[in-house]
Amino acid sequence: FPNCGGEFDSPIPHMKTVLITGISKGIGKALARKYLTEGYNVLGTSKSGEVDFSSDNLKVFKLDLSIPQSTKDCVAEIAGLGVKIDILHNNAGVLLDQDETSVVADKLRKTLEVNLIGTADFTEKIISFINDGGHIVFTSSTAGSLAEVSTESHHFGYYPAYKISKCALNMYMRTLAMRLKDKIKVSSVH
């Protein structure tokens, strides 16, 4: 972060801080780069703790949402920074059953561990570091919509573990929004 002499002490007061999970590729990478161009301090996570881009306003942490200890370690590192977060964007996720038409229990467990359980665990541990008036955003999918699941465009029956995980994530988002309604905005995008 700027003017920190190479150390990550605290951001410049007027700069907002966003924490984005899964910034090594895809949507997460695009989000991180966009926030950086908008003047945010970006805290990002990736499974390896590395990404292929850099900025003085970027700090990357190792996080594997399928491993509870990884979540604890990542949260502890973020807490050690002493910064408050304005936006938490839960973007990290997996699609492990792209070619499946029926539920494969092992793939469902692994998908739920990342897309729901790990994401909820990480969020719950980070909430206390989010500013009042902050925002928690979940990257979801129309694949998790009960209203849309049987339409032709959703290939009914394909990638059921992913669909189940996003539907459950949407419900977590709704319950969290009710709980935090007077403190933090909570939403889902797809």
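Let me begin with terms. On a 1 Å grid over the protein atoms alone, a cavity is a set of points where a 1.4 Å probe fits but cannot get out, whereas a pocket is an open set with protein on both sides within 12 Å along at least five of seven lines; lining residues have an atom within 4 Å of a point. Grid points are joined across faces, edges and corners, and a volume is the space filled by probe spheres set on the points.

The model is predicted: local features need pLDDT of at least 70 and side-chain atom pairs count only at pLDDT 80 or more, while totals for chains, interfaces and linings use all residues. Residues are numbered from 1 along each chain as its sequence is written, and side-chain values use heavy atoms, with hydrogens and water left out.

How many cavities of 30 Å³ or more does a search of the whole structure find? The search finds one. The volume of the largest cavity is about 30 Å³. Its lining consists of N90, A92, G93, N115, T119, T139, K166 and L169. Helices α3 and α4 each supply at least two of the lining residues of this cavity; helices here are DSSP runs of H or I, at least four residues, and strands are runs of E, at least two, numbered from the N terminus. By class, the cavity lining has two nonpolar, five polar and one charged residues. Ala, Val, Leu, Ile, Met, Phe, Trp, Tyr, Cys and Pro count as nonpolar, Asp, Glu, Lys and Arg as charged, and the others, Gly among them, as polar.

I turn to the largest pocket, which holds about 620 Å³ of space. It is lined by 28 residues, and closest to its centre are K25, N91, A92, G93 and V94. At least two lining residues come from each of α1 (26–37), β2 (41–46), α3 and α4 (160–179). Which element gives the most to this lining? It is α3, with four residues. The pocket lining divides into nine nonpolar, twelve polar and seven charged residues.

Finally, the helix packing. The axes of α3 and α4 lie 8 Å apart, at an angle of about 20°; axes are lines fitted to C-alpha atoms, for helices over the stretch in contact, and angles run from 0 to 180 degrees between N-to-C directions. The two helices are therefore roughly parallel, a term for angles under 35 degrees.

Helix α2 (residues 68–81) and helix α3 (residues 105–126) have axes that come within 10 Å and cross at roughly 25°. This makes α2 roughly parallel to α3 as well. In this pair, T71, K72, C74, V75 and I78 of α2 meet D121, F122, K125 and I126 of α3, contact meaning heavy atoms within 4.5 Å.

Terms used:
Parallel < 35°, antiparallel > 145°, perpendicular 65-115°, else oblique.
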